[in-house]
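Please find my notes on this model below. They are set out as numbered points, to be read beside the coordinates.

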Amino acid sequence: MSVTKPVAASLGFPRIGVRRELKFALESFWAGKSGAGELLDTAEHLRRKTWLLQRNKGIDVIPSNDFSLYDHVLDTAVMVGAIPPDYGWTGGDVPLDIYFALARGAQTTGDTAGCGHPGHGRDVRALEMTKWFDTNYHYLVPELARDQTFALSTTKPVDHFNEAKALGIETRPVILGPVTFLKLSKARDGDFSAITLLPRLIPVYAELLVRLRNAGAAWVQVDEPALALDLTEGERAAFVEAYDAIARAVPDVKLMLASYFGDPGDNLDTALNLPVAGLHLDLVRAPDALGDVLAKVPADLVLSLGVIDGRNIWRADLAALMERLRPVIAARGADRVQIAPSCSLLHVPIDVALETELDAELKSWLSFAVQKLDELSALSRGLGGEDIAAALAASDDARAGRRRSARVHNKAVAARLVRVTEADRNRRNGFSERIALQREKLRLPQFPTTTIGSFPQTGDVRKARAAFNRGELDRVAYDAFLQAETEKTIRFQEEIGLDVLVHGEFERNDMVQYFGEKLSGFAFTKHGWVQSYGSRYVRPPVIFGDVSRPQPMTVNWWQFAQSKTEKPVKGMLTGPVTILNWSFVRDDIPRAETCRQIALAIRDEVQDLERAGAAIIQIDEAALREGLPLRQSQWKTYLDWAIDAFRLAASGVSDATQIHTHMCYSEFNDIIAAIAAMDADVISIETSRSRMELLDAFTAFDYPSEIGPGVYDIHAPRIPATSEITDLLSLARERLDDRQIWINPDCGLKTRGWDEVRPALTNMVAAAKALRG
Ligand code: GLN
Ligand code: ZN
């Protein structure tokens, strides 16, 4: 009865190991506790496990070279020999210490490795890091020189292909495509566009493909997620140039060109006309793309249909997918269709089965990477005519359970959303009226000083939290410990003369998780780690139901801190957009709606803080900018609902209550109108590294409210001298009115030690005093 089935293809699998094996192996290697051999053994073991797992799950197309010790963009830079001169690389194979120096920087005050590589013996900084498209994965930004040359410098894709082949598995190697690679790179000296280096880069790709072909690779997956971005004509032409040249050089390797994270849209025609054997589409992000593609696709192009969500953790609706895919298979033939996840599974946790503490109902709704392989395999078998009734029934039951569950749908939340009025989104009066009342109430000196919220999460703090979580420290003892830390921090801030104090956030593990754990509608995993960058993994909360706030979340801590001082203590909250953007969100209602629900919960907290006596409340929106859609045409819609949610959270207080917000890493030029529309009374931002240049956007816009431009970088252990801070402040005063300026560090201090924080803040206060004269 074997009708030919469309193959089930995997585009990439998480690298970190179910028990975070890669993290522990890396960190032990970096700490000098184990050697390179052990690290590489762990890596090989993880690869083998992943390949075998995929084979056992019935996946037909299994990727290789999706594994990376740190980051796949760094791997690509290293592979093509794009290593800036300061790392001491002299060509040839790239040794591990140079690889990690690029990733993390290297300081060789002593003898770190004694390996004699010329990169040692001086300090080198890490490459810059930035977000991989609109995911929470961060890649290292390759730096290219105007006269950059490229040479194939590692054979990792070939080595890994051979490694899998030795296990009897013929893989489809994955490489990052040349256009996306250049698009993500930055020009080192001067302002040329990295894309102009394409003609020099193509021969390296051609050489790699020849080697892969010689090793036996029939297909190669070339990832070009840049196809989901707004591209210029020149960039589209670069695609044509690159793939024409590659096809000429290596006509006998079949390329599966993978677009993902969005609709190729106006880049689709370019993609469809490239000389490639296959095209992958992300039909989760761009369900409508399929129609366009089917209308235009050349008959012999293999379509890879990304229908299993690689970015979220919900179980798929297999019956609906069968319905949707059947006609495509019928029209094109099973041999010209592949069934795939929307993108690499890198962005989801590995295995739901490990979550022994989640209840069975919730677990039945979830699908992590391992479960997604099962879904994929079932779909492909089902479409091939096999009986997959059991899989369909399980999928139907889970979907139906979710649809009906009282844990998901909360009538009170729905009713409240309907009742929201225009007035709920607006403070009573404009900024000028409000600020007069606030100044009257707060009586702060000119250039008021404050911090962003967190104080050092020292080893002691982390140890106490871990002991509490393990049940070794009881609630009373833990609270007493946190109170002592909080009180010490209040005393310290008073001593050095800060004007607006904070409680220090010692009770918080993480700025989103802390709130998620107190809100209804959120669940947390024990093992649901997802790589954020290198050996840093996060466990994003899962928002599964309507969000509400059963009781106050921060009022007690604020009250405790305020009871210890006469100075004002800021209430400290995470905003709705940030909570949303750093979580796995529901797929059954729009993101905007979940965001509004969170906003109402935060609004309740804001009002409770005000009632308790807080005169200043800060609502952090660190992730607002990160949530911007990949296509500029969709920015407005996002910003409209995101800003609306912030205003809903912030506007329930009287005019005399001062609302602060904080954003890190942000560039503001292109979103300054939206930032102003948030209508916060004070915004603190990260400006020290740009030497206040980020403020130009505010100046140009005539931004009306008050601003705390960060006056020192909290990412480095360096202690800023008073004079440096004074210098930065004079740059700020060139751009802002004195009445607008607050003085604060760039961001929270949780990653710093007290030995750094004490002198740094002391100098900051000294700079403020000097300014006041
Ligand atoms: N209030 C938070 C802190 O100080 C803000 C952190 C952030 O913006 N990333 O840690
Ligand atoms: Zn910040």
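1. Is histidine 715 buried, partly exposed or exposed? Histidine 715 counts as partly exposed, because 14 C-beta neighbours lie inside 10 Å. The cut-offs are as follows: a residue is buried if 20 or more other C-beta atoms lie within 10 Å of its own, exposed if 12 or fewer, and partly exposed in between, with C-beta atoms placed from the backbone. UniProt lists His715 under "active site", in an unreviewed entry. UniProt positions are given here in the numbering used for the model, feature names are shortened, and annotations may be inferred rather than shown by experiment. Histidine 715 sits in the loop between β21 (706-709) and α26. Helices (H or I, at least four residues) and strands (E, at least two) are DSSP runs, numbered from the N terminus.

2. On conventions: this is a predicted model, in which local features need pLDDT of at least 70 and side-chain atom pairs count only at pLDDT 80 or more, while totals for chains, interfaces and linings use all residues. Residues are numbered from 1 along each chain as its sequence is written, and chains are lettered from A and ligands numbered from 1 in the order in which they are written.

3. The ligand shell. There are 13 residues around ligand 1, and Ile452, Gly453, Ser454, Ala622 and Gly748 come nearest; a residue is near a molecule if its C-beta atom, placed from the backbone, lies within 6 Å of it. The shell divides into 6 nonpolar, 4 polar and 3 charged residues. In this scheme Ala, Val, Leu, Ile, Met, Phe, Trp, Tyr, Cys and Pro count as nonpolar, Asp, Glu, Lys and Arg as charged, and the others, Gly among them, as polar.

4. The annotated group of three. In the unreviewed UniProt entry, a "binding site" annotation covers Cys664, Glu686 and Cys747. These residues span 84 residues in sequence, but no two of their C-alpha atoms are more than 6.7 Å apart, so they gather at one spot.

5. Glutamate 686 belongs to the loop between β20 (682-685) and α25 (695-701). It is buried, because 23 other C-beta atoms lie within 10 Å. Residues up to four places away in sequence aside, glutamate 686 touches Cys664, Tyr665, Ser666, Gly710, Asp746 and Cys747; contact is taken as C-beta atoms, placed from the backbone, within 7 Å.

6. Cysteine 747 lies in another annotated stretch, the loop between α26 (722-735) and α27 (754-772). Cysteine 747 counts as buried, because it has 25 C-beta neighbours inside 10 Å. Among its contacts beyond four places in sequence are Cys664 and Glu686, along with Ile452, Gly710 and Ile714.

7. Histidine 662 carries a "binding site" annotation from the unreviewed UniProt entry. It lies in strand β19 (residues 658-663) and is buried, with 28 other C-beta atoms within 10 Å. Leaving out neighbours within four places in sequence, histidine 662 contacts Ile452, Gln618, Asp620, Ala622 and Ser684.

8. Two backbone angles deserve a look. Aspartate 679 has a phi near 60°, positive in a residue other than glycine; it is found in the loop between α24 (672-677) and β20 and is buried, with 21 other C-beta atoms within 10 Å. Methionine 692, also not a glycine, has a positive phi near 75°. Methionine 692 is placed in the loop between β20 and α25 and counts as buried, with 23 C-beta neighbours inside 10 Å.

9. Tyrosine 205 is found in helix α7 and is buried, with 27 other C-beta atoms within 10 Å. Its contacts, not counting residues up to four places away in sequence, are Pro178 and Ile246. Tyrosine 205 and leucine 152 are 53 residues apart in sequence and 8.0 Å apart in space, C-alpha to C-alpha.

10. Helix α5 (residues 156-166) has Lys156, Pro157, Val158, His160, Phe161 and Ala164 buried. The elements covering them include α2 (36-56), β2 (63-64), α3 (72-79), β6 (172-176) and α7. Just after α5, glycine 168 takes a positive phi of about 85°.

Technical notes. Contact = placed C-beta atoms within 7 Å.
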